[in-house]
Amino acid sequence: MTALTRPVRRDEDDARPRPVPWRRMAGVTWRQHRIALAGVAVLLGALAVWLWSIGTSLHHAYAAAVACQPASSAACGNLVNNFNRSATDHAMGSKGPGGVLLQLLPALIGAFAGAPVLARELETGTFRYAWTQGFGRWRWALAKLILLAVVLAAATAAFGALVSWYYQPEFATGHQALGLFQDSPLVTLFSLREVTFPAWTLTAFTIGALAGMLIRRVVPAIVATLAGYAGLAFAAGSFLREHYLAPLVTTSINFNLPGASTAWTISQWSTKGGRFAFAGGFPPMSLVNQFCSSVSPGKAGPADPFAQCLAQHGYTQWTSYQPASRFWPFQWIEGGWLLVLSALLVAATIWLVRRRAA
Amino acid sequence: MNVVEASGLGKRYGRTWALRECTLEIPAGRVAALVGPNGAGKSTLLNLAVGLTAPSAGAVTVLGGRRAGSPAALDGIAFVAQDTPLYKNLTVADMIYITRSLNRRFDQPYARARLDELGIPPKRKAGKLSGGQQAQLALTLALARRPRLLVLDEPVAMLDPVARHDFMATVLAAASADGVSVLLSSHVLTELERVASYLVLLSRGQVRLAGDVAGLLATRGQASLEELAMACLRETMPEVTR
């Protein structure tokens, strides 16, 4: 029988022991969560390689279309069409499935990394081990959550930068005349960029941690996280984001045809003689029949043909919009409130860890 | 010094009291046995003592007046919970690393030597060990923290007789050779006969009997701890006789 190699020490500071150093949690967290972290690395790594390879061809198509001379030649038109096809029809294009799938990334990463942190301990009973060690249970929970949050934020910020690089040609301005496809950076994948991707991932992660603490089971906690995240993301995209800054208003009818501008149109309406006429970008059929029956919708030109036609009859078209130049303020505003929300969720989780009865 | 002191301690879950009006002083340097039928409140009392649960009434202090669950209390107490929870997907070496990292003191040479003696390979995952080996691993990790009080909740309930014997031998060695105070709960009375020098008998959430085993046996005129416990339980729970 092996006895303890040293006698039990009666430290003078036994009654007030020095806390176990925070840094020790790095190795502990790594050993416990390396599989989850490796899963995130593999997922993001594989997507990054794919995004990089298709992004390279998109960038080449864009460069070829912009550099082509003379711009009006048929060959140049082909190059423009080639880029527009890549930008819209490709898996990652605005109409492809890739963009939608990427939207799920913060939710999936956050839920699968965040929900088990506490739920697994509570489900398997290992919290009785972890919370009775000298480190102390709230410090243990806080250190784990912060370490994992920082690692996830760094990984997703890097991926967000790659997404930004991929979409750069579509968000570029200055080549409208060529008829190149354009998209608003405030709309397309706004939540997957340098600031917002890590911020949304952190939010999902901290929702997961809190849900795990409340529900105490891994799978239901993951489901609850995905549901909570979906509701929050929908609310942010549909109701909150457009109000981050007061929108600008223009009466230009040459403004914002679909796919030909990088601004984000919030709403459109028309007036005649200073009085409200109709809402929306498209006039009611009665007006079209009355004034513009000879106008064909045609293909998107430099201006909306109906708006042009109605302008001749005294109508003024108003458009409220967020200019693309507000991309960074919007990134920081969204990142800021998500970070505050994440901090509150962590605080609530730690409070529960402290007071929870076994 | 008392390793556990409770006064008017109570814990309520919803409307039922798992533990009521518990007043206790368990002296240091003993192997104290917490005995009682299932649902008597043994686990509740232990969870309160190690600070996993907050009391609904009264107070509990450990190791001479430290608040249960405080940093000083956690530093001096090692707890092996019921069914010895371990991270099943981590290796034995990882469990040692984690326990060492989470505590101010950790006797790594002891842990290594003890596991070696038990034939538990460090590379094996904790979940792949036998029930007896898992219990021994949990106990080794607890003892390597060189605690002043070792708290064990139903440590041998799931073990076969051989593993049970080995486990208790390790506990006794630590208690006698290293002066570790032990508080363990069990409903397997025969197993406690050899080891316990202090007895706390619980039933229906209340302390029925507490004191030095030798003293209790003498005053009550019983030959063994088992008889003593059974006699006392019959007094408080008439249905046991039927």
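Two strands count as paired if DSSP finds at least two bridges between them. Strands themselves are DSSP runs (E, at least two residues), helices are runs too (H or I, at least four residues), and both are numbered from the N terminus.

What you're looking at is a predicted model, where local features need pLDDT of at least 70, side-chain atom pairs count only at pLDDT 80 or more, and totals for chains, interfaces and linings use all residues. Residues are numbered from 1 along each chain as its sequence is written, while chains are lettered from A and ligands numbered from 1 in the order in which they are written.

Let's start with strand pairs. Here are three of them.

| Strands | Direction | Bridges | A bridge pair |
|---|---|---|---|
| β2 (residues 264-272) and β4 of chain A | antiparallel | eight | A:S270 and A:Q317 |
| β1 (residues 2-13) and β4 (residues 57-62) of chain B | antiparallel | five | B:A6 and B:V60 |

Now for chain A. A domain assignment (automatic or from a database) divides chain A into domain 1 (103-246 + 326-355) and domain 2 (265-321). The C-alpha centres of these two domains lie 41 Å apart.

How do helices α5 and α10 of chain A pack? Helix α5 (residues 137-171) meets helix α10 (residues 327-355) at an angle of about 150 degrees, with the axes 9 Å apart. Axes here are lines fitted to C-alpha atoms over the stretch in contact, and angles run from 0 to 180 degrees between N-to-C directions. Angles over 145 degrees count as roughly antiparallel, so α5(A) and α10(A) are roughly antiparallel to each other. From α5(A), the contact (C-beta atoms, placed from the backbone, within 7 Å) uses residues including A:W138 and A:L145, and from α10(A) residues including A:I350 and A:V353.

Finally, which residues join the chains? The contact takes 33 residues from chain A and 40 residues from chain B. On the chain A side, α1 (24-67) and α4 (127-130) are the elements giving two or more residues, and α1(A) gives the most, with five.

Conventions. Parallel < 35°, antiparallel > 145°, perpendicular 65-115°, else oblique. Contact = placed C-beta atoms within 7 Å.
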